[in-house]
Every structure is written in C-alpha cells, then in structure tokens.
Amino acid sequence: MAILLTPFSYTPHTCSSLNISPKFTNFSTTINGYGYNCNNNTTPFGFSVICSSQLKETSPTTPQPILIDKSLLYVNEAKYENELWAASCLRVRTFYAFQNETLNTQDHTKYLTEREFEALTERIAGKRVGFGKVSCINATLPFSEVSNVAYDLSTSCKFSRDNVDLVVVGTLDVNQCIRLPDEITGAKPKGIGADFARGYLSNVCVAGELQRNGLGYALISKAKMVAKDMGISDLYVHVAIDNEPAKKLYMKCGFEHENEEPAWQARFLDRPRRLLLWTDISNSSDVSM
C-alpha cells in the first residue's frame, strides 16, 4: 500500500517488539517482542491493506511487557461492524506513527481508519475481486482489564457486545484466494480448486503495549482453525527475509519455507525481500498446534 500524499505528515512507526501481517504501506507494529513493518508503494491504503509479516527484534530499550490475565482473553471471528471498526482502529494505530508537529492528526487517523474499515468490510462481504471468503479474527479483552494499564488503547479500540465493553488488542485476516496483491504467490495446492483451498494470513497485528503475552500465537492458532473451516488446506504467510524472530514464530506455528521474493521485486516495491512460508492445515492435529 502506498503512503498517502496528504497535507498531513507522518512517518511509519518502527517498533522493536512483535507485529505480523501482509503489507501495504510503510508501517509497523508490535507483538510478543517482535516488530512488524509493512511497505508497499503501489496501492492506496484502504484498498489493499493486506500486509505480510515483518517482525523485528526487540531493542535493548524496549520496556517490560504488561502482563494480562489470559483467562479473560477471547479470540474469535468478528461478526459485527462495531468490532470491525475497532479492529480497523487498532491497525491504523499500530501501523502508523505521526510526527509530534503534525497537525490535525485526529482527522487524518479517522480518514485512514475509514478507508481500512471500508476495505475490510468489502472483502468480508465478498465485494473484492480475487477474494473468496475473508474472515477478520480479533483478540479481545474486557475494557476494565485494559484501561488500567493502557488507557489510550482501551479508548481507541473499544466496542460493545451484549452490553459489555471490550477492547480489540490483536487482529488479523484470513484470505481465501489464489494470491495477494504485490506478494509472492503460493504453489500449493495445484490444479482445479486451488482458489478455494489456498489461503493467506494478512494484517496481523497486536497492540504494542501488550506484546509478549502470546497474543500473536493465539491469533495464528485460531486463524488456522477458521481457515480449515473455510475449506483451505494450504495456508501461507509472508515475512521479511532478515526477520529471524518472525520466522521463529511462524516455524513454531508449523510454517516452513517455500519461496523467496526476487530482489528486483523488492527493490521495485521499496521494501525488504520476503520469504513465503507455508503450512498444511488439512490435518486436524496440525491445526490445533
């Protein structure tokens, strides 16, 4: 996704914790001690925000993680617009960092969130060409659990379900499709039906304040189960070639190397080269991890 040229100035946030997702602008985020950085200079943010994982190692100055009560964590598919909006808020909040001197950042943040929300809801509704089923999976915690330790996060990404206030603290998309825009295409499965049996993870991110709580692992675990229910047998994810923490996380989740992005393509898209990782989820024992 290309950086939007607007009257507002901002710079991609370079995190030193963990983030995951297929990419589309210069943006980054954090999850479980890794940093995610996306870059794509060819597509507007709202129309192809499907980023690949690019995790970065934690810097020595990274603060101690805030520990959460995992018994209160809920990871499931988002069904309602208010939760999809909260997920869009988290993505923009995580993928973008505005400069201190930037004016009207609230207006610009709202604009980016509206574009992401529009793209997300259209993909889920089946209105985007090239996509089959798309599911947004969110990790949520009670508002009371988050507000005491990360008030800005709790107010930015809050929604209500059954009269209970919740906060989206992690999110990703499962995409049933042959390929993602500007990404390496998976080779499995081959032949008729590949467009239904192949899937990709994208837009994976976890709130930086709550890194190192296993949220990224929990999201990927749930994503594999949802993907299998969609009929997907071969699941892919993209990761920066030099991002060892991200690769270790995905390997832990059962992914293995399949292909590499050509150097010319990475230069053209002005981003680090990527690896394409694959896992077979047709076996139920693999999905449970």
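Buried, for this talk, means under 20% relative accessible area. Keep that cut-off in mind. The model is a predicted one.

Let me start with Asn203. Its relative accessibility is 0%, so Asn203 counts as buried. Asn203 sits in strand 9, residues 198–206. Its backbone deserves a look too. Phi is positive there, at about 55°, although Asn203 is not a glycine.

There is a second residue of this kind. Arg212 is not a glycine either, and has a positive phi of about 65°. Where is Arg212 found? Arg212 is in the loop between strand 9 and helix 6, the helix at 215–230. Its relative accessible area is 37%, so Arg212 is partly exposed.

Now the chain as a whole. How many helices and strands does the secondary structure come to? The protein chain has 9 helices and 12 strands. It has 289 residues, and 54% of them are buried. Next, contacts in the chain between residues at least 6 apart in sequence. Of these, 71% join residues at least 24 apart.

On to the core. In soluble globular proteins, nonpolar side chains tend to be buried together. Here, the largest nonpolar core has 54 residues. Which residues have the most contacts inside it? They are Leu153, Val169, Val174, Leu201 and Phe255.

Take Phe255 from that list. Set aside its neighbours within four places in sequence. Phe255 is then in contact with Leu201, Ile220, Leu235, Tyr236, Val237, Tyr250, Leu277, Trp278 and Thr279. Another core, of 9 residues, lies apart from the largest one. Its members include Val134, Cys177, Leu180 and Tyr236.

Just after helix 7 comes Gly254, with a positive phi of about 100°.

Next, a helix pair. Two packed helices are described by the angle between their axes and the distance between the axes. Helix 1 spans residues 81–95, and helix 2 spans residues 105–124. They pack at an angle of about 125°, and their axes are 9 Å apart. Helix 1 and helix 2 are therefore oblique to each other. Their crossing is right-handed.

Which residues make the contact? Helix 1 brings Glu81, Leu84, Trp85, Ser88, Cys89, Arg91 and Val92. Helix 2 brings Thr109, Leu112, Thr113, Glu114, Glu116, Phe117, Leu120, Thr121, Arg123 and Ile124. By class, that contact has 8 nonpolar, 4 polar and 5 charged residues.

Two more stops. Lys188 and Pro189 are joined in cis, with omega about -15°. Pro189 lies in the loop between strand 8, at 164–177, and helix 5, at 194–197.

The other is Gln265. Gln265 is in helix 8, residues 263–268. Is Gln265 buried or exposed? Its relative accessibility is 16%, so Gln265 counts as buried. Gln265 and Glu183 are 82 residues apart along the chain. Their C-alpha atoms are separated by 9.3 Å. Leaving aside neighbours within four places in sequence, Gln265 is in contact with Asp182, Glu183 and Arg271.

That is the tour. Questions, please.

Methods
Residues are numbered from 1 along each chain as its sequence is written. This is a predicted model: local features need pLDDT of at least 70, side-chain atom pairs count only at pLDDT 80 or more; totals for chains, interfaces and linings use all residues. Side-chain values use heavy atoms; hydrogens and water are left out. Axes are lines fitted to C-alpha atoms, for helices over the stretch in contact, and angles run from 0 to 180 degrees between N-to-C directions. Helices (H or I, at least four residues) and strands (E, at least two) are DSSP runs, numbered from the N terminus. Angles under 35 degrees count as roughly parallel, over 145 as roughly antiparallel, 65 to 115 as roughly perpendicular and the rest as oblique. A crossing is left-handed if the near helix is turned anticlockwise from the far one by less than a right angle, and right-handed if clockwise. Contact means heavy atoms within 4.5 Å. Ala, Val, Leu, Ile, Met, Phe, Trp, Tyr, Cys and Pro count as nonpolar, Asp, Glu, Lys and Arg as charged, and the others, Gly among them, as polar. Buried means under 20% relative accessible area, exposed over 50%, partly exposed in between (1.4 Å probe, protein chains only). A nonpolar core is a set of buried Ala, Val, Leu, Ile, Met, Phe, Trp, Tyr and Cys residues joined through side-chain atoms within 4.5 Å.
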